[in-house]
Amino acid sequence: MKTNLHLLIQLCIPMEKRTWFSNVWVGSLRNLVAFDRIEDEFMWDEGEDIKTKYLGDDMVLLLGLTDTRAEEICKEEVENGMSMFHTLEK
């Protein structure tokens with residue numbers, strides 16, 4: 001006799017605790033060597049305090065990246081291909 005077991009997990013996170021993931025993006029780097037200078041680039045350009053976490057392959061988690069700044073990076077990439085990232089996803 002075969003039994004199917006399903007597990008349901010539901011997280012209830014208070015609104016005040018959700019802010020840590022509200023400005024989080026995943027970027028795919030053009031060049032892995034650029035990872036070492038991502039935080040410096042953001043500080044130099046806009047004075048933003050972006051924290052990065054390497055996820056593997058070419059993917060980087062960008063904590064603290066605002067939607068506005070992410071849109072600027074995407075626009076920069078489309079217009080002239082000069083961004084550190086070839087893709088950004090929320």
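A: What follows begins with the model as a whole, then turns to the sheet, and ends with single residues in its strands and in one loop.

This is a predicted model, in which local features need a pLDDT of at least 70 and side-chain atom pairs count only at pLDDT 80 or more, while totals for chains, interfaces and linings use all residues. Residues are numbered from 1 along each chain as its sequence is written, and side-chain values use heavy atoms, with hydrogens and water left out.

The pLDDT, which is the predictor's confidence in each residue on a scale from 0 to 100, averages 79 over the protein, and 81% of the residues score at least 70. Confidence is highest in strand E1 (residues 24–29), at a mean of 89, and lowest in helix H1 (residues 38–46), at 68. Where pLDDT is low, the predicted coordinates should not be read in detail.

The protein has two helices and four strands, and from the N terminus on these elements run β-α-β-β-α-β. Helices (H or I, at least four residues) and strands (E, at least two) are DSSP runs, numbered from the N terminus. Of the 90 residues, 26% count as buried, where buried means under 20% relative accessible area, exposed means over 50%, and partly exposed lies in between (1.4 Å probe, protein chains only). Among contacts with a separation of 6 or more, 58% are between residues 24 or more positions apart, a contact being heavy atoms within 4.5 Å.

The four strands form an open sheet in the order E2-E3-E1-E4, with antiparallel pairing. Its edge strands are E2 and E4, each of which pairs on one side only; two strands are said to pair if DSSP finds at least two bridges between them. Neighbouring strands of the sheet are turned by 25° against each other on average, direction ignored. Helix H2 packs on this sheet, where it touches E1 and E4, and its direction makes about 145° with that of E4. For such angles, axes are lines fitted to C-alpha atoms, for helices over the stretch in contact, and the angles run from 0 to 180 degrees between N-to-C directions.

Strand E1 pairs with E3 in the antiparallel sense over five bridges, and Val24 stands opposite Leu63 in E3. E1 also pairs with E4, again in the antiparallel sense, over four bridges, with Val26 opposite Glu89 in E4. E1 is mostly covered, since five of its six residues are buried.

The largest nonpolar core has 13 residues, of which Trp25, Leu29, Ile38, Leu62, Leu65, Phe85 and Leu88 touch the most other members. The elements that give two or more residues to this core are E1, strand E3 (59–63), helix H2 (67–80) and strand E4 (85–89). A nonpolar core here is a set of buried Ala, Val, Leu, Ile, Met, Phe, Trp, Tyr and Cys residues joined through side-chain atoms within 4.5 Å.

Leu55, by comparison, has a relative accessible area of 44% and so is partly exposed. With neighbours within four places in sequence again set aside, Leu55 is in contact with Val26, Val60 and Leu61. The C-alpha atoms of Leu55 and Gly27, 28 residues apart along the chain, are separated by 9.8 Å.

The loop between E2 and E3 contains Asp57, which is exposed because its relative accessible area is 63%. Asp57 has a positive phi of about 50° although it is not a glycine. Most residues other than glycine have a negative phi.
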